[in-house]
Amino acid sequence: MLIAPEQFFAFLAAALLITVSPGPDNLMVLGVGMSRGRRQGMAFGLGCALGCLSHTVLAALGVSALIKASPLAFGGLKLAGGLYLVWLGIGALRSRGGARVDGSALPDESLGKLFAKGLFANSINPKVVLFFLSFLPQFVVAERGGASWQTAQLGLIFTAQACLLFGLLGYFSGAVGAWLNRRPRAGLWLDRVAGTIFVGLGVRLIVAR
């Protein structure tokens, strides 16, 4: 069973806004692209994006196991996830912005090595694991059944849009990086948007008992 259209569009909108907000991953993609070239930036970015697949598997298995074990436990996960998203949102709202991209020269590496480096860095990042376990269940409708399949679809959607956006960031890294460095307040307002989304999702989950 495919996720409902309203699930898809609500999740995609949130995922897109969160992905474009300045953060370690996309700033690293911009930095690699500016210092080494478009192809290198795209390779590193695609590696980072595809690293989300490992987190998707973990989230799908975890959510499915919790629902089978106890609906109450699943409710506890969603509540904890909601509080975590609110915490992330408050941090983004309090951010002073000023994100800058480091385009300094770096040693040359092959496209394959850069791809593997991005894949590995994302796959082992515990913060990303926690984010997926908190973010994806917000859009799972337990009453529809197939929670693990719903979670897997959401994770694939997140990965697909991250591949697209990170690939574009790598390709246009020079122009985007220079624009962001000239306009530090752009990062500030992107943080504000992402923070509002995080807080809104978290609060919605907390009150929807």
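This is a predicted model: local features need pLDDT of at least 70, side-chain atom pairs count only at pLDDT 80 or more; totals for chains, interfaces and linings use all residues.
**Aromatic pairs**

Residues are numbered from 1 along each chain as its sequence is written, and side-chain values use heavy atoms, with hydrogens and water left out.

I then took the pair of F11 and F135, which is tilted, with 5.3 Å centre to centre and 35° between the planes. F11 lies in helix α1 (residues 5–20) and F135 in helix α7 (residues 126–135), so this pair ties together parts that are 124 residues apart in sequence. Helices (H or I, at least four residues) and strands (E, at least two) are DSSP runs, numbered from the N terminus.

I recorded F131 and F135 as stacked, because their ring centres are 5.0 Å apart and their planes stand at 15°. The two residues F131 and F135 are four apart in helix α7, which means a separation of about one helical turn.

Buried means under 20% relative accessible area, exposed over 50%, and partly exposed in between (1.4 Å probe, protein chains only).

I also noted a cluster in which ring pairs link F11, F131, F132, F135, F139 and F158.

**Helices α2 and α3**

I looked up how helix α2 (residues 24–36) and helix α3 (residues 38–50) pack: the angle is about 155° and the axes are 7 Å apart. Axes are lines fitted to C-alpha atoms, for helices over the stretch in contact, and angles run from 0 to 180 degrees between N-to-C directions. α2 and α3 are therefore roughly antiparallel, a term for angles over 145 degrees.

I listed the residues that meet: M28, V29, V32, G33 and R36 in α2, against R38, Q40, G41, F44 and G45 in α3. Contact means heavy atoms within 4.5 Å.

**The whole chain**

I counted 10 helices and zero strands in the protein. Buried residues make up 45% of the 209 residues. Among contacts with a separation of 6 or more, residues 24 or more positions apart account for 87%.

Technical notes. Angles under 35 degrees count as roughly parallel, over 145 as roughly antiparallel, 65 to 115 as roughly perpendicular and the rest as oblique. Rings of Phe, Tyr and Trp (its six-membered ring) pair if their centres lie within 6.5 Å; planes under 30 degrees apart count as stacked, over 60 as edge-to-face and the rest as tilted.
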